[in-house]
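Here are my notes on the model you sent over.

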Amino acid sequence: MKITSKFTYIAAMLVLCAGSAHGAETFRYGTVAIKGDAGFVYMGTQPGITKKYGADIDLQAFQGDAILLKALIAGQIDAYIGNPGGPMIAASKGANIKIVGCPWPGLTYALYTKSDVGSVADLRGKTIGVSAPGALPDLFAKAVVMSAGMTASDVKFTVSGSDAERVAAVAAGVTAAAPSSSEFTAKAASLGLKQLVHARDIVPKYIRFCIMTRGDLLKSEPGRVEAFLAAQIDGFSKALNDKKAMTELSFEKANLPKDDPSPELIYNEVTQYNAVDPTMAVNVENLAWMRDLLVKTGNIKGDFDPATMVDTAVLTKARALASSKQ
């Protein structure tokens with residue numbers, strides 16, 4: 001069963017086409033569907049920051065990582081922030097995709113169930129709502145299942161849309177469990193749900209967000225990528241140091257009701273567990289751990305070296321540029 005809207009792909013393509021109407025220097029940037037954490041992701045695209053670096057950044061949100069990856073490979077966007085699992089699979093098959101920084105190394109993610117589910121083992125034979133194969137929700141759910149000594153075949157996986165749609169499906173009894181951003185913990189009780197496990201307790205090396213671009217763009221227009229990355233460094237720094245600005249931007253971009261607790265919850269979790277890193281350092285050891293997970297799930301061959309898809313030369317220059325503007 002597939003719960004995602006049949007218009008998701010069409011809508012994404014329309015937005016991409018609209019983005020192509022910008023000037024040649026516009027940096028086309030993508031992200032997954034915005035939620036209470038939007039303040040972190042969008043801060044580096046705000047005029048007060050981008051003007052410092054002469055960067056024109058057009059940030060658009062899409063239903064999931066799979067669409068973003070396809071758009072990047074097709075040249076319809078210049079970079080996106082998302083989970084590195086899918087790009088690693090693509091790179092292992094020859095795609096010229098590069099990881100240039102990882103601003104959100106800590107996985108602020110959890111698995112949600114009804115209150116009568118006592119452990120991960122209780123999900124044997126039941127259905128877990130995920131997103132496209134190889135995307136963060138899919139890989140995280142499989143990692144959680146394997147942590148309980150089961151295999152992916154011991155449960156059923158179904159594509160169930162965005163974070164909010166997956167959680168809603170569990171609340172409606174359509175699925176037994178679903179992975180989602182841990183900010184949904186604030187709303188879980190009101191939906192009759194609970195957080196069964198958190199990523200930091202099950203898969204502490206799992207990276208949430210890196211920034212991916214194409215190798216050809218790094219080679220042909222390093223200056224544009226440098227200015228873009230400098231703005232992101234600046235933006236994540238401001239979001240971490242200014243809770244009010246981060247939460248206000250989250251409410252604005254995600255169009256949340258005034259009493260929504262998720263922006264504050266995710267801010268507090270990020271700062272408590274150092275989940276966000278404004279320097280955007282790339283931990284190759286953790287990427288190798290993710291590669292090993294992808295081998296276990298059958299998505300990738302064990303001889304792929306994730307270090308081959310890491311290129312932080314422009315990031316080093318971007319750090320210096322961001323520092324000079326402070």
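1. Which helix supplies the largest share of the lining of the largest pocket? Helix 7 does, with 5 residues. Helix 7 spans 163–171, and helix 6 (136–147) also puts at least two residues into that lining. Helices here are DSSP runs of H or I with at least four residues, strands are runs of E with at least two, and both are numbered from the N terminus.

2. Before going further, the ground rules. This is a predicted model, where local features need pLDDT of at least 70, side-chain atom pairs count only at pLDDT 80 or more, and totals for chains, interfaces and linings use all residues. Residues are numbered from 1 along each chain as its sequence is written, and side-chain values use heavy atoms, with hydrogens and water left out.

3. Back to the largest pocket: it holds about 460 Å³ of space. Ala33, Lys35, Ser162, Asp163 and Ala164 are the closest to its centre, out of 28 lining residues. A pocket is an open set of points on a 1 Å grid over the protein atoms alone, where a 1.4 Å probe fits and protein lies on both sides within 12 Å along at least five of seven lines; lining residues have an atom within 4 Å of a point. The volume is the space filled by probe spheres set on the points, which are joined across faces, edges and corners.

4. By residue class, the lining splits into 14 nonpolar, 7 polar and 7 charged. Nonpolar covers Ala, Val, Leu, Ile, Met, Phe, Trp, Tyr, Cys and Pro, charged covers Asp, Glu, Lys and Arg, and the others, Gly among them, are polar.

5. Is glutamate 269 buried or exposed? Glutamate 269 counts as buried because its relative accessible area is 9%; the cut-offs are under 20% for buried, over 50% for exposed and partly exposed in between, with a 1.4 Å probe and protein chains only. Glutamate 269 sits in helix 13 (residues 262–272). Beyond four places in sequence, it touches Thr108, Ser182, His198 and Arg200, a contact being heavy atoms within 4.5 Å.

6. Lysine 52 is partly exposed, at 33% relative accessible area, in the loop between helix 3 (47–50) and strand 2 (57–62). Its contacts, again leaving aside neighbours within four places, are Asp234, Lys325 and Gln326.

7. On confidence: pLDDT (the predictor's confidence in each residue, from 0 to 100) averages 91, and 93% of residues reach 70 or more. Over residues 1–24 the pLDDT is below 50, although this stretch has 30 contacts in the model beyond near neighbours in sequence. Where pLDDT is low, the predicted coordinates should not be read in detail.
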